[in-house]
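Here is a short report on one protein model.

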Amino acid sequence: MYKRVVLKLSGEALAAGRGFGVDVIRVHEVAAEIAEVSRMGVEVAIVVGGGNFFRGVAEQAKEMDRVSADNMGMLATVINALAVQDAIEKQGLHCRVMSAIEMNQVCEPYIRRRAVRHLEKGRVVIFAAGTGNPYFSTDTAASLRAMEIRADVLLKATKVEGIYDADPVITKDAVKFEEITYMEILRLGLKVMDATAVSLCKDNNLPMIIFNMNESGNIRRVISGEKVGSLVTA
């Protein structure tokens, strides 16, 4: 169904139920699913969040300068990226971490043409450090990288089944949207991703699928074209 995809993984997804740090078992489960779709011939790029270590807009950063807090958050995504890279390589695949903040001893700098070449050679590419700029979330980074590498779709892995008109964890009768437009997300004020990322996807006609990461095999199902999660179109 899709030849080249960008998968957005939150830091919380890598922490599993622990809330902080990296759950090794969970990371290897995610890596196994990514390896499965990569072997199907799909070019997979990943953008990781850092909320399991540090979030620039969270309570812990309240007294901090926003730029310093966001820089810490970007460095947290590099830790997650290296953990995912290690797990993917243990699956027998080649994987490259590309950081928007240069740290040559640890990973490659992000260069768009090099990233595309890695994908064409069948390597999994992990984009770390967000956009490299404060005030931009990793959701915005995922949208931007998807546009830059001309991905067919942006996949956002979450802990719920898709997009709802209210938080399904709190509101039991929340209604799920099978399909929705970016404009409707902005109009309804749905907290799917931040407004900058939504506007970027809308302006560049990038489709996005929100799906539940906690159900085994969902990445393959989404890429195969099965009706999983919520489809967002421009």
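## Contacts of Phe20

Leaving aside residues up to four places away in sequence, Phe20 touches Ala15, Asn52 and Phe53. This is a predicted model. Phe20 sits in the loop between α1 (11-15) and α2. Phe20 and Phe53 are 33 residues apart along the chain, yet their C-alpha atoms are separated by 6.0 Å. Is Phe20 buried or exposed? Phe20 is exposed, with a relative accessible area of 53%. That value is over 50%, the cut-off for exposed.

## Salt bridges

How many salt bridges does a search of the whole structure find? The search finds 13 salt bridges. The table gives three of them.

| Salt bridge | N to O distance | Relative accessible area |
|---|---|---|
| Arg26 and Glu29 | 3.0 Å | Arg26 10%, Glu29 40% |
| Arg96 and Glu108 | 3.6 Å | Arg96 22%, Glu108 18% |
| Lys176 and Glu178 | 4.0 Å | Lys176 27%, Glu178 51% |

Take Arg26 and Glu29, whose side chains meet in a salt bridge. Both belong to helix α2 (residues 24-39). They are three residues apart there, so about one helical turn separates them. An α-helix has 3.6 residues a turn, so residues three or four places apart point the same way. Arg26 is buried at 10% relative accessible area, while Glu29 is partly exposed at 40%.

Arg96 and Glu108 also form a salt bridge, with their closest N and O atoms 3.6 Å apart. This pair links distant parts of the chain. Arg96 is in strand β3 (residues 95-99), Glu108 is in strand β4 (residues 108-109), and the two are 12 residues apart. Arg96 counts as partly exposed because its relative accessible area is 22%. Glu108 counts as buried because its value is 18%, and buried means under 20%.

The side chains of Lys176 and Glu178 meet at 4.0 Å, N to O. Lys176 is partly exposed, at 27% relative accessibility. Glu178 is exposed, with a relative accessible area of 51%.

## His118 and its contacts

The two partners Arg96 and Glu108 come up again around His118. Which residues does His118 touch, not counting residues up to four places away in sequence? They are Arg96, Met98, Glu108, Arg123 and Val125. His118 itself is in helix α4 (residues 112-120). His118 counts as buried, at 7% relative accessibility.

## The buried side of α7

Helix α7 (residues 195-203) has Ala197, Val198 and Cys201 as its buried residues. Why do they lie on the same side of α7? They cover an arc of only 100° around the axis, and therefore share that side. Among the elements that cover these buried residues are α5 (138-148), β6 (153-158) and α6 (182-188).

## Positive phi angles

Most residues other than glycine have a negative phi, and most peptide bonds are trans. Asn205, which follows α7, has a positive phi, near 55°.

Ala129 has a positive phi too, near 70°. Ala129 is found in the loop between β5 (124-128) and α5. With a relative accessible area of 0%, Ala129 is buried.

Arg150 has a positive phi near 60°. Its place is the loop between α5 and β6. Is Arg150 buried or exposed? Arg150 counts as exposed, at 67% relative accessibility.

The loop with Ala129 lies between β5 and α5. The loop with Arg150 lies between α5 and β6. Both α5 and β6 are among the elements covering the buried residues of α7.

## The second largest pocket

Rolling a probe the size of a water molecule over the atoms shows where empty space is left. The second largest pocket holds about 240 Å³ of space. Its lining has 13 residues. Which of them lie nearest its centre? Those are Ile209, Glu226, Lys227, Val228 and Leu231. By class, the lining divides into six nonpolar, three polar and four charged residues.

Methods: Residues are numbered from 1 along each chain as its sequence is written. This is a predicted model: local features need pLDDT of at least 70, side-chain atom pairs count only at pLDDT 80 or more; totals for chains, interfaces and linings use all residues. Side-chain values use heavy atoms; hydrogens and water are left out. On a 1 Å grid over the protein atoms alone, a cavity is a set of points where a 1.4 Å probe fits but cannot get out, and a pocket is an open set with protein on both sides within 12 Å along at least five of seven lines; lining residues have an atom within 4 Å of a point. Grid points are joined across faces, edges and corners, and a volume is the space filled by probe spheres set on the points. Ala, Val, Leu, Ile, Met, Phe, Trp, Tyr, Cys and Pro count as nonpolar, Asp, Glu, Lys and Arg as charged, and the others, Gly among them, as polar. Buried means under 20% relative accessible area, exposed over 50%, partly exposed in between (1.4 Å probe, protein chains only). Helices (H or I, at least four residues) and strands (E, at least two) are DSSP runs, numbered from the N terminus. The arc is that of the directions from the helix axis to the C-beta atoms. Contact means heavy atoms within 4.5 Å.
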